[in-house]
Amino acid sequence: MQPEIPIEERLRISEIYASIQGESQFAGLPCVFVRLTGCNLRCTWCDSEFTFTGGDHRSIDDVVQAALAYGIEVVEVTGGEPLAQRQALPLMERLLQGGATVLLETSGSIDISTVPAPVHVIMDLKPPDSGESEKNLWSNLAHLRPHHEVKFVLASRGDYEWARGVVRAHEWACSLLFSPVWGGVEPKDLVDWILEDKLPVRFQLQLHKVIWPADERGV
């Protein structure tokens with residue numbers, strides 16, 4: 001019988017796998033994904049609804065060992081919403097201690113101020129068509145660092161105009177990324193809008209959905 005994992009060491013994990021980074025400034029690099037279970041949001045275009053429930057309870061050390069065993073430098077902690085589990089913070093600390101370059105994919109609805117400083121935070125800001133724009137925690141903007149990134153996933157022209165207004169309303173200490181919802185906004189249209197408005201943002205596609213079927217897991 002397996003010993004019970006102390007609650008302060010216990011994570012609920014949906015999957016751990018190796019692929020390429022599909023988004024962010026790390027796009028195209030080999031990456032291990034540690035996907036935590038559970039999310040406090042229900043975005044209309046969510047592509048990982050399977051993470052809302054289920055998952056396996058594993059110890060932090062077991063998860064770190066499994067992630068580092070791939071021998072890949074970049075490790076992304078994602079979800080769901082990983083910060084919904086408080087044990088995600090010591091998980092990232094131990095991955096850093098193990099020599100990994102750690103990325104955190106987070107919705108922007110939970111405080112990022114306690115995330116370990118070396119972690120590369122990739123934080124969403126949710127536009128209106130996500131159905132969750134009221135959950136944006138705007139105080140997070142004060143905690144952004146130069147090595148962080150803010151991502152806007154856009155489903156319509158209205159979402160783009162909202163994001164354009166946010167970009168212009170704030171001083172940014174980090175890179176800004178604009179992505180079309182897969183199967184929603186036409187990528188060319190989004191590129192045209194960015195060029196027309198001369199926005200200082202980086203356009204990106206989800207590379208993994210170009211390479212593999214859009215709904216395939218473990219990639």
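Analyst: Helices here are DSSP runs of H or I with at least four residues, and strands are E runs of at least two, both numbered from the N terminus. Just after one of them, α4, K198 takes a positive phi of about 55 degrees. Keep in mind that this is a predicted model, where local features need pLDDT of at least 70, side-chain atom pairs count only at pLDDT 80 or more, and totals for chains, interfaces and linings use all residues. Residues are numbered from 1 along each chain as its sequence is written, and side-chain values use heavy atoms, leaving out hydrogens and water.

User: Why is D124 called buried?
Analyst: Buried means under 20% relative accessible area, exposed over 50%, and partly exposed in between (1.4 Å probe, protein chains only). D124 has 6%, so it counts as buried. K151 has 4%, so it is buried too.

User: What makes K135 partly exposed?
Analyst: K135 sits at 41% relative accessibility, so it gets that label.

User: How do you know that D124 and K151 meet in a salt bridge?
Analyst: The rule asks for a side-chain nitrogen of Lys or Arg within 4 Å of a carboxyl oxygen of Asp or Glu. For D124 and K151, the N to O distance is 3.6 Å, so the pair passes that rule. D124 lies in strand β6 (residues 120–124) and K151 in strand β7, so the pair ties together parts 27 residues apart in sequence.

User: How many salt bridges does this rule give?
Analyst: The count comes to 13.
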